[in-house]
Structure formats: structure tokens, C-alpha cells
Amino acid sequence: MARAKELGVTRMVFLGDIVGYNADPCALIDRIGELVASNKAIAVIGNHDEAVFKDYRNRMNANANAAIEWTKSQLSASQVQFLKDLPLIVNEENICFTHASAHNPEEWNYITDSMSAWLCAQSSGKIYTFVGHSHEQALFYQSAVGKLIRFAPHPGDEVPVMRHRQWVSVVGSLGQPRDGNPEACFAVFEPESEVLTFHRIEYDQFTAAEKVRRAGLPEDLANRLITGN
Amino acid sequence: MAIKTDIQAVDDIFQEGKIVDGFLLGPEVHRGGMASLFSATKEGIDMPILLKIPRVGRDQPVESLIGFETELTILRALKSPHVPKYLGSGNMATHPYIAMERVSGHPLEDLIKEGKKFSIDEVIHIGADLAQAVQSLHAQDAIHLDIKPENILIDDKGKLTLIDFGLSHHSRYPDLLAEEMRKGIGSAPYISPEQVVGVRSDSRSDIFSIGVIMYEMLTGALPFGNPQTMGGLRKRMWAQAFPPRAIRKEIPRWLQEVVLRCLESRAADRYQSATRLRQVLRDPESVVLTERSERVEPLSFWEHLKRWIRAAGYEPSPSPRPSMTNLDAPLMIAAIDTRQSDEDLRERMQTTAKNLLNAYPESRLVCISTIAGTPTYEGKQESQTASGIVRGHLVQLMEWAKPLKLPPERISYHVLEALNAASRIVEFAKDNDASLILIGASHKMPNKVTPWRTSMTKIVEEAPCSVHIVRT
């Protein structure tokens, strides 16, 4: 967040899965809740957030389930209510934000290829769609034939994203990026200059992992923070 | 596709005398199918400016817009003395333009159209400069993909600039022309076989285009004509260009070898990097002559038929990342202190050089030695004259390299005159796009340790490439 401020970010968007992997769910919800309440941020719900108040036992692996059970035990009723009140999808004039895909968002489909990106862009109908869910950063762009093509962005490069074509951005995750690099992922969009920059940033993944361990969460979750896998 | 066509007619916004984002528009200097060019000035920018405005709006080709977007993305990212400087751009939806440095000079196209007969030396010179300009793009992971005489500006001093990046590719940005339905976009005479089948990520495509241009300058003819159909374009996948020496006798064999190698249908058979191409053009002795240099007649009907059948299954070679090609065919510099008498170090440096050369079959070694300067007043003996001193050093370098047993095309020797050896070595590495500098550090130099150390530090700090320090 400090880095985002440095970059001159005026509004933050949290694309879901606020809880479910980390050892600070209460602090995170309170912090994000504050930002949302003061209109400095928007947040959408992710599948792990939903798992806190819905029965997900058959839909997630043992580690994720264990983490959810632990998270439930930590949260207060009002914190759970905050998660319940999160919207599934936020649509603005040109931009759509959702956790998984604008195409049947409640099904939590992953955007991994041209087809899933195309479905998402078609459903959102917006110029820009931003999603999380998949942990790896990707930018899908509409080619001359309408098809969406996957591009692996290079961190820090300003990519011109002009309004006459559709773009679907998978911004990656703040922890467990799954690409072997433990650095946290985020992206900064500047609507006026039509520029999108994907970022990777170092954070103290060792402390984060230690907290996960101390909270008694599965060892694997802690390890993934450190290895980035 | 979702391209808006209701963009305000750009003609209303861009007119002589109007000011757009601080740019004061001068007269229109060119109007083409895809874009108009205006000269311009802006306070605070003390170079001539060119505004490129795409032909967008109703009834305009969609390509002009994609080309504009591509050029904007890539020009903005490039830094090269052979590319116009990017100076700003306007909003795509309201007033699209790209402002760039207005480079002086005339397109090579003009000279060709005038029917100029290029001397062999001129062709070699332009070819080498072109290779250098192209290398500056490849080093930044960009590929031009539309190298043609129209897009090459040459000024009075011979400085060469590449323009028009509307079809280019940059591996750090989304390729907006990828998977384009129409294959083989670009200029028919100059595009490579792999571009014909839609490959947009091979830097060796630019090498092919340089080959076409050199062929054209040498012979006045196009090696594969100017086909207007897909079938005609595919011909370059199997046909062999008519040997240039059959058209113009005075072309040296080595130059025919170089040009025909650039024109190989498989990218893997061409020079693998523009740097390598530049090196062979500047150092003809390093060219290995093959059957290509001997050709005097076109292929027989049967030979062509065989090649045609092979091409039916044409598979483009896998494309390496542009900036990596130079690493596969690296130029390595061994900085040798000929005054050095440390036998262990000498042996260790030789072994290191040998191992590195073995690892990269296409690599080359340049042995250099620096001397402080040659005497103005020459002595009577040969060993005291300038040429004698240089020759003496050359002999020592050759002696040094003898155990490596390298064929002559993989090694060369240079004695550089310089007051500051380190700066000169760094400069030499830059000029030649070297990938590695090999230097030795001895522990057996009690007196001269300090100056040698500072000079080594300087090389390590300022070298444009890796530096390998060999220790005993």
C-alpha cells in the first residue's frame, strides 16, 4: 500500500480473497473496510471470502479448508458481515472489476486462455476488465480479429492500453504468486493516459510465513509464501 | 472489432498554424495512405519535430490505426541513435498523433529510384551501417519487420536512421498484429519467408531484408521480384536468388556469399545476429566461402523442383529472443598484457578462452593489446618505428593465441593505441558489440599493482558486457 501511494495511486481495488491464506484476516478486513467506507477503495468478494459463510468443504483442498476453519474462528460477526456484503462484481462506465471472471462470476472460473478471456470480455462488455483469482499476472488483449491474445507483462513496463480495444487484466496475487517468484503482484491503471503497469514488489514473505505457521495454519501455505509456488 | 469510426476527422484538428498540446504545426510534409506528416515546433524542444497523424475515421483502413498504435508503443520504448526520438503523443480517441524528432536525410528509396549505381564499397558500407542500426533494435528486444529502402533515411554525413515502426514487434509489449488474419503483411520484395507464413517474432527476418536491400543495391534487381499474390510470396521459401555475380561480375565472391547467406530461406541458415553480419562486412577475411560464393548460374529446373517439394512442408525455424541472438554467436575480447610475464596466468587465460570458444561454436575471439602511443621521432631500427612496434605486439598476440588452434575466421588481432588502456578497451567492446571481455589478474605484479587494479576496476564498471577476470 505504501508503494501504491508512492506511485500516486488515487484509488485502490481489492479483487477478492482477502482472507483464506493469511494469518491476519481481522486486521486486513478492518483496514480494507476503513478504506472502502471512506471511498478510497473498492473491494469485491472472492471464493475464499465466500467460503467463510458458505459450505465449501467439498470444493476446496484440505489445506484451504483448514485455513478457512481457522479464519472463521478468528473473525467477529461484523467482520463476517463485511465479507457477506461485498459485491460479486463492480461495473463502472468503462471498467469492470470482479474476482474470477465477468462471465458467470459466481462460478469462479479461471481466466487462463483466449477463450475464457473472451467470454469474460463479452460478458462484461467493458473496455477494461480487471480480475484476480489466477495467481499469475497476464494481460489479454483484443487482436485485429477480435480474439483475445495472452501477453505476459514485464514488471514495470508501461503498456499502452487504448480504448478502442478490449483488455482483460489478471493482476496476480499479493502472496503465493505461483510463478516461483515470491514478490507480491499488483497493477496500476492510469485511465487518462491509458497506461497499465504491472508491478512486482518485495515484501517480508518470511514474517508473513512465520505468522501463518504460528497461527497453526498448514505448513504448505507458509512454504508457498516463501517459494512463490 | 470494436474500433470506433466516429473519431473526429483529423483534418479539422491538424492544420498548419494550429497548436496541439503545445506543438505548433508547420506545413504538411507528406501525405501517405496510412498517415500524414507535419513539421512542427514546440517551446523547450530544440530539434526539428515531425507529427505523424494516422488516417483514422470513416472510410480509412483499420490497419492505419493498428499501425499507429504499434508504432506509438514501440517508438516510445526505443532508445537508439538510429531511431527518431519519441517526443510525445496525443489521445487516440480525440486527437491521435505521434511527435518525434524530424531526422534529416533522404530515403534510400530515392537513390534507388534515381537509378543510382552503387559502388561495391558503398553497398558494403550501407549494409554494415544498416546491420548496426538493426542490432540496436534487436538488443532492446524489438524487431523492425519492415526494413525496406523507403524506411531507411541517410543524411549528408552518411548517418542512417530507421523509421516507421508500424509493423514492428517488441517482445516486452503486446503484439497487436499477432494472429492477424492476413499473412505476410509488409512489403512484398523485402519480407522474409517466415513473415510470409505469419511469424512475427524472429529477429533474423530483419537480416533477410538487409540481404534483399544489399542485393538490390548491387544488381539493381530484386532477388525474389515484387510478387502480388500469396503464391508469388511463397516462392522465396524454395527459390534461390539469381547469383549477383552473374549480373555484376565485379562483385567479390565473399560479398556474394554474405548476401546469399542473408537470403537463406531457413532463418537458421542465415547470419544469426546483425552484429555478426556487420562484422563480416567489415572484415571480409573472416567470411568462410562456401558453395554460395561460387554460384554463377541459376539452379536447374530439377534442382528447383526438388527445393519446391521440400518447401511444401516449410516450417519456420524456432525464433530466439532478439536480444539473445548476439549471445549465441558472441564476440569475445581477450585483453592481453603483452608485457606480462606470468606464465601461470598466461596459461590459465588461454585455457579459459579455449573453453569459452568451445561452448559457443559460432563465437569469435578478438585478441587486443594496448600501447601507450608510438614515438613521433622514429629510430632507425624497424623495432623503433610505429609500424614496427605495432607489428611486434601483433606477433606477440598471435603467439599467445597459437595454442588455441582457431581457424582464421574465428580470431583476429588488434593493437590499440591509447593513453588510457581501460577506456580504450571499453570503447572497443562497445563499438564491436562484444559479449565478453576476458582479462587476467596476476598476484605477481608487486610494483605496478595499483595502476593495473584501477584500470581493471574501470573496465568492470564501464564495460557494456560481461567481464571475466581470470585469476591464478
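Modeller: Two residues are in contact if their C-beta atoms, placed from the backbone, lie within 7 Å. Keep in mind that this is a predicted model.

Colleague: Okay, then what share of the contacts in chain A with a separation of 6 or more comes from residues 24 or more positions apart?

Modeller: Chain A has 8 helices and 11 strands. Take its contacts with a separation of 6 or more, and pick out those between residues 24 or more positions apart: their share is 64%.

Colleague: What radius of gyration does chain A have, next to a compact globule?

Modeller: The C-alpha trace of chain A spans about 50 × 35 × 30 Å along its principal axes, and buried residues make up 40% of the 229 residues. For 229 residues a compact globule would come out near 17 Å, and chain A agrees, with 17 Å.

Colleague: How do H7(A) and H8(A) run, roughly parallel or roughly antiparallel?

Modeller: Helix H7 (residues 205–214) and helix H8 (residues 219–227) of chain A have axes that come within 8 Å and cross at roughly 180°. Angles over 145 degrees count as roughly antiparallel, so H7(A) is, relative to H8(A), roughly antiparallel.

Colleague: And how many nonpolar residues are in that contact of H7(A) with H8(A)?

Modeller: H7(A) brings residues including Phe206(A) and Val212(A), and H8(A) has Leu221(A) and Leu225(A) among its own. Alongside 1 polar and 2 charged residues, the nonpolar count is 8.

Colleague: Over to chain B: how many nonpolar residues are on the side of domain 1 that touches domain 2?

Modeller: The assignment gives domain 1 as 10–101 and domain 2 as 106–325 in chain B, with 29 Å between their centres. Domain 1 puts 16 residues into the contact and domain 2 puts in 18. On the domain 1 side, 5 are polar, 2 are charged and the nonpolar ones number 9.

Conventions:
Residues are numbered from 1 along each chain as its sequence is written. Chains are lettered from A and ligands numbered from 1 in the order in which they are written. This is a predicted model: local features need pLDDT of at least 70, side-chain atom pairs count only at pLDDT 80 or more; totals for chains, interfaces and linings use all residues. Axes are lines fitted to C-alpha atoms, for helices over the stretch in contact, and angles run from 0 to 180 degrees between N-to-C directions. Helices (H or I, at least four residues) and strands (E, at least two) are DSSP runs, numbered from the N terminus. Angles under 35 degrees count as roughly parallel, over 145 as roughly antiparallel, 65 to 115 as roughly perpendicular and the rest as oblique. Ala, Val, Leu, Ile, Met, Phe, Trp, Tyr, Cys and Pro count as nonpolar, Asp, Glu, Lys and Arg as charged, and the others, Gly among them, as polar. The radius of gyration is taken over C-alpha atoms; the globule rule is 2.2 Å times the number of residues to the power 0.38. A residue is buried if 20 or more other C-beta atoms lie within 10 Å of its own, exposed if 12 or fewer, and partly exposed in between; C-beta atoms are placed from the backbone. Domain bounds come from an automatic or database domain assignment.
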